[in-house]
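Here is a short briefing on one protein chain. Look at the sequence and the 3D view first, then read the points below.

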Amino acid sequence: MTIIRSAGLLMFRRVGAGAEVLLAHPGGPFWSRRDDAAWTLPKGEIDPGEDPLAAACREFREETGFTSAPPFFPLGELRQKSGKRISAWAFEGDADPAALVSNRFELEWPPRSGRMQSFPEVDRVAWFGPEEARRKLIAGQAPFVDALERWLRGEVTAAGAEAAPSAGPPASDGGRRPAGA
């Protein structure tokens, strides 16, 4: 059995004494009417031989249109019920959810209709405080929010912070680069 590995980024911004995280809602007909326990951090599969942090940065950009910037703070790796393993990093930034630009995928819809339709991988993003984020996240991803909160409280040092891996020149960000990045 092949273990599927994904990597993602959790953008956060400081708000007063706390923080908010940017979560993504999956696009397509299967997720259209779901809200609680349906959101995720922007993430995707790691290509063979690809650095996991480079994959996380690539997927964040493909799914949101927003850029990410170091330092990146490791949040650990989780195993979902499906067996998929997700590695995640947090970084501080800001983005306007209205500026979302997601890549698309094609799916036969309705099933067995012979009609292919195009859907965004992410149909919306939004900022959530930690408690609401835990409720919105797909089961099993809430520990990433817990890890971020521990780091923000100073319970975990920034010694594990990483710079962005070299993946060639940055792509044009179309003016959507997070503030402070």
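Helix α3 spans residues 142–152, and its buried residues are Ala142, Phe144, Val145, Ala147, Leu148 and Trp151. The model is predicted. An α-helix has 3.6 residues a turn, so residues three or four places apart point the same way.

**What covers the helix**
- After α3 comes Gly154, which has a positive phi, near 85°.

**Aromatic rings**
- A pair of aromatic rings is described by the distance of the centres and the angle of the planes.
- There are 7 aromatic pairs.
- In one of them, the ring centres of Phe12 and Trp151 are 6.0 Å apart and the planes meet at 65°, so this pair is edge-to-face.
- Phe12 sits in strand β1 and Trp151 in helix α3, so the pair ties together parts 139 residues apart in sequence.
- Are these two residues buried or exposed? Phe12 is buried, at 0% relative accessibility. Trp151 is buried too, with a relative accessible area of 16%, because the cut-off for buried is under 20%.
- Phe12, Phe73 and Trp151 form a cluster linked by ring pairs.

**Strand β8**
- β8 pairs with β2 in the antiparallel sense, over 6 bridges.
- Arg124 in β8 stands opposite His25.

Notes: Residues numbered from 1 in each chain as written. Predicted model: local features only at pLDDT ≥ 70, side-chain atom pairs only at ≥ 80, totals over all residues. Heavy atoms only, no water. Buried < 20%, exposed > 50% of the residue type's maximum accessible area, 1.4 Å probe, protein only. Helix = DSSP H or I, 4+ residues; strand = E, 2+ residues; numbered from the N terminus. Phe/Tyr/Trp six-rings, centres within 6.5 Å; stacked < 30°, edge-to-face > 60°. Pairing = 2+ DSSP bridges.
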